[in-house]
Each structure stands twice: as structure tokens, then as C-alpha cells.
Amino acid sequence: MAPLLARRASPLALSRFLSRAAMSSAAAAPRKYEFLVVVPDKPDVRAKRMEVRPQHFANMKPFLESGDWKMGGALLNSVPKDDEADSLDFMGSTLVCISTSKEEVLEQLKKDIYATSGVWDMDKVQIYPFKCAFRNP
């Protein structure tokens, strides 16, 4: 009898093996959920926010490219007269992200330049499990 490695598996047997292996690895992956995040700014941080804003946008690219951050933006105290940053009365940030847990979301936020530079009030961050009922492009 030939050694097991030397035997040739039938295409059907190979297909069944690969299907089981794929199901096993899929079952082992932790499930991800959407989270709605609200992070208020600390008082009087507009100048700091504007200073580090370009780095904030650059650093979020990997989360956007991976699809882990679905949408996000500034929370405002009032409706702006236009879309220029100078017209925006910032009060914080919000985002919808995909993650395995609130704790994982919080760890991502803590590494953001808005958190490390003192713009965001991380003591007041709110993270809610979120189930989207509709989504428009």
C-alpha cells in the first residue's frame, strides 16, 4: 500500500476536504458587528483639532481601505454657512465601524491623533452596538 501522501485524492474527496476546512476556519473567525461611536471634543481644542486634522485623515486610511470604518465625520454645534473648515463649529466626532467588540473599537480610538493629542474627551466616548436598518449611497 502506498504511503498516504503519495496517494492521489479524487477531485470530489479533495473538494469535500477543502469545504470542511473553509467552514472550520470561517467558524473560528470572531464575528464582527457594527458600532456607532460618538466622541465629544474637550473644551477649547479647536486650534489643536485643526493642527492635527491632516494627520487624523491620513491615519484613518487603513481603516477605510479595510472597510472597518464605514463612515465618520464631525459633530457640530450649529449648521455651518458652508463646507469650509473655518465655518465648522466642532463639538466632536462620530463614526460607524465594524469590529468584534466595544473594547477593540476603544483601542482603535485611543491610537488616533485626536485622542493622543487631547482633542477627544476619551472619558466621555460612547460606543453602541448598531444594526443599520437602511443605507443610502
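Asp41 has a relative accessible area of 13% and therefore counts as buried, where buried means under 20% relative accessible area, exposed means over 50%, and partly exposed lies in between (1.4 Å probe, protein chains only). The structure is a predicted model, in which local features need pLDDT of at least 70 and side-chain atom pairs count only at pLDDT 80 or more, while totals for chains, interfaces and linings use all residues. Residues are numbered from 1 along each chain as its sequence is written, and side-chain values use heavy atoms, with hydrogens and water left out.

## Overall organisation

The chain contains 5 helices and 4 strands. Helices (H or I, at least four residues) and strands (E, at least two) are DSSP runs, numbered from the N terminus. Read from the N terminus, the order of these elements is α-β-α-α-β-β-α-α-β.

Of the 137 residues, 28% count as buried. The chain exposes about 9,900 Å², and carbon and sulfur atoms supply 58% of this area; such areas come from the Shrake-Rupley method with a 1.4 Å probe, and for residues only the protein chains shown count as cover. A contact means heavy atoms within 4.5 Å. Among contacts between residues at least 6 apart in sequence, 72% join residues at least 24 apart.

## The sheet

Strands of a sheet pair through backbone hydrogen bonds, either parallel or antiparallel. In this chain, an open sheet of 4 strands has the order S2-S3-S1-S4, with antiparallel pairing. Strands S2 and S4 form the edges, since each pairs on one side only. Two strands pair if DSSP finds at least two bridges between them; S1 and S3, which run antiparallel, are joined by 8 bridges. Tyr33 stands opposite Ser99 in S3. On average, neighbouring strands of the sheet are turned by 15° against each other, direction ignored.

Helix H2 (residues 46-59) lies across S2 and S3 and runs at about 45° to S3. For such angles, axes are lines fitted to C-alpha atoms, for helices over the stretch in contact, and the angles run from 0 to 180 degrees between N-to-C directions.

Gly72 is placed in strand S2 and, at 55% relative accessibility, counts as exposed. Leaving out residues up to four places away in sequence, Gly72 touches Thr94 and Leu95. Gly72 and Val96 are 24 residues apart in sequence, and their C-alpha atoms are 6.3 Å apart in space.

## The nonpolar core

In soluble globular proteins, nonpolar side chains tend to be buried together. A nonpolar core is a set of buried Ala, Val, Leu, Ile, Met, Phe, Trp, Tyr and Cys residues joined through side-chain atoms within 4.5 Å. The largest such core here has 17 residues, and those with the most contacts inside it are Val37, Cys97, Val105, Leu109 and Trp120. Two or more residues of this core come from each of strand S1 (33-40), strand S3 (90-99), helix H4 (102-110) and helix H5 (113-116). Apart from its neighbours within four places in sequence, Val105 is in contact with Phe35, Val37, Cys97, Ser99 and Ile127.

## Salt bridges

Side chains of opposite charge can pair when their charged atoms come close. A salt bridge is a side-chain nitrogen of Lys or Arg within 4 Å of a carboxyl oxygen of Asp or Glu, and by this rule the count comes to 6. The table gives examples.

| Asp68 | Lys32 | 3.6 Å |

Asp68 lies in the loop between helix H3 (61-66) and strand S2 (69-76), and Lys32 in the loop between helix H1 (11-28) and S1, so the pair ties together parts that are 36 residues apart in sequence. Asp68 is buried, at 19% relative accessibility, whereas Lys32 is partly exposed at 44%.

The pair of Glu34 and Arg135 also links distant parts of the chain: Glu34 is in strand S1 and Arg135 in the segment after strand S4 (126-130), 101 residues apart. Glu34 counts as buried, with 14% relative accessibility.

Not counting residues up to four places away in sequence, Arg49 touches Asp41, Ala74, Phe90, Gly92, Ser93, Tyr114, Val119 and Trp120.
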